[in-house]
Amino acid sequence: MNKLINWILVILCMLATACSDDNNETELITPFSLERNYYETRLERGATSISVTNGSGDISLAIEDENILNAIYSKYNDKEDDRKGHINLYGMQKGSTTLTITDNITKDVETVEVKVTDSYLAYVINDSNHPVLPAGTTLFLVNNQAQDYYLFDQDNIYNKPILKDNSYEFFITLDSGTGAAPTNYKIPNLRLYRHNPADTATTTSESYDFQIEMYGEDASSSYVLQIIQAYLGVDWEELTGNVLTKSPALVDMTMIMTVPDTDYRIRGVLSTVSIPEHILD
């Protein structure tokens, strides 16, 4: 009786294996296509990802101008994941080029335009009582010669910006403290210039200064300032006159800004979220 049961189990296993092989051989491969044919990525910082959700997952890439763009494809082997893989786009130089994506099995081809913009950094404002930078907005600071910035409503991020055609700068002020011996703390500040495009007689109409809180730590060791330096090219060493410290800093993207002699306080998080497309050159 036991021998009979064993033979039945063997036959069932063989049938199951055969069925599994048949299913693999007849697995349906959908045509390869992309939902979009235009992408943007920022210069030298971060990557824009294109998800590959159909086709065979076996694809090759061809870049028209490799001086402008680098692209790397990562294939997923997890069969439970509906995606086949993703393509990361890395900006090497400002400009536009085309990326041709070929599915080597289905022979489908997709060509997308990729624009590499200036690097930029987002400041996502969660809490604020300041009229210029209210809560629920995101400030994008652009690392270009004009030092442009844009302010968007977070709930309508793909609408026109609330503020544009403006510029910014970072600078340092000194706080000698209240003790007997002066401490000469160096305080980083952000200044936002409000330009009036209709006023041709002057380049700026007004400006707003914000102090970046450092919680008593050396400004040069702040992770927030390191991120600002990396994405916006701000040379804190030149501004402070000191070499950057090598002491480790907490990895915290929270940035709090205040306006001296007022109760204005802005709390937000530095972020690498993308600015809406077709805004930057």
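User: Why is Arg265 called partly exposed?

Analyst: Arg265 has a relative accessibility of 41%. Buried means under 20% relative accessible area, exposed over 50%, and partly exposed in between (1.4 Å probe, protein chains only). Arg265 therefore counts as partly exposed. The model is a predicted one, in which local features need pLDDT of at least 70 and side-chain atom pairs count only at pLDDT 80 or more, while totals for chains, interfaces and linings use all residues. Residues are numbered from 1 along each chain as its sequence is written, and side-chain values use heavy atoms, with hydrogens and water left out.

User: What makes the contact of Glu213 with Arg265 a salt bridge?

Analyst: The term requires a side-chain nitrogen of Lys or Arg within 4 Å of a carboxyl oxygen of Asp or Glu. For Glu213 and Arg265 the closest N and O atoms are 3.0 Å apart, and the pair forms a salt bridge. Distant parts of the chain are linked by this pair, 52 residues apart: Glu213 sits in the loop between β13 (206–212) and α2 (223–232), and Arg265 in strand β15 (residues 265–271). Helices (H or I, at least four residues) and strands (E, at least two) are DSSP runs, numbered from the N terminus. Glu213 has a relative accessible area of 26%, so Glu213 is partly exposed.

User: What links Glu169, Arg191 and Asp209?

Analyst: A network of salt bridges links Glu169, Arg191 and Asp209. Within it, the side chains of Arg191 and Glu169 meet at 3.2 Å, N to O. Arg191 belongs to strand β12 (residues 185–194) and Glu169 to strand β11 (residues 163–175), so this pair ties together parts that are 22 residues apart in sequence. Glu169 is partly exposed because its relative accessible area is 24%. The structure holds six salt bridges.

User: Why is β9 said to pair with β8 and with β10?

Analyst: Two strands pair if DSSP finds at least two bridges between them. Five bridges join strand β8 (residues 120–128) to β9, in antiparallel fashion, and five join β9 to strand β10 (residues 148–153), again antiparallel. Ala122 stands opposite Phe140 in β9, and Leu141 stands opposite Tyr149 in β10. A hairpin is formed by β9 and β10, with five residues between them; Gln147 in the turn has a positive phi of about 55 degrees.

User: What makes β9 mostly covered?

Analyst: In strand β9 (residues 137–142), six of its six residues are buried. Thr137, Leu139 and Leu141 point one way and Thr138, Phe140 and Val142 the other, and all are buried.

User: What makes β2 and β4 edge strands?

Analyst: The open sheet has three strands in the order β2-β5-β4, with antiparallel pairing. β2 (48–52) and β4 (69–75) each pair on one side only. β4 and β5 pair in the antiparallel sense over seven bridges, and Lys75 stands opposite Gly85 in β5.
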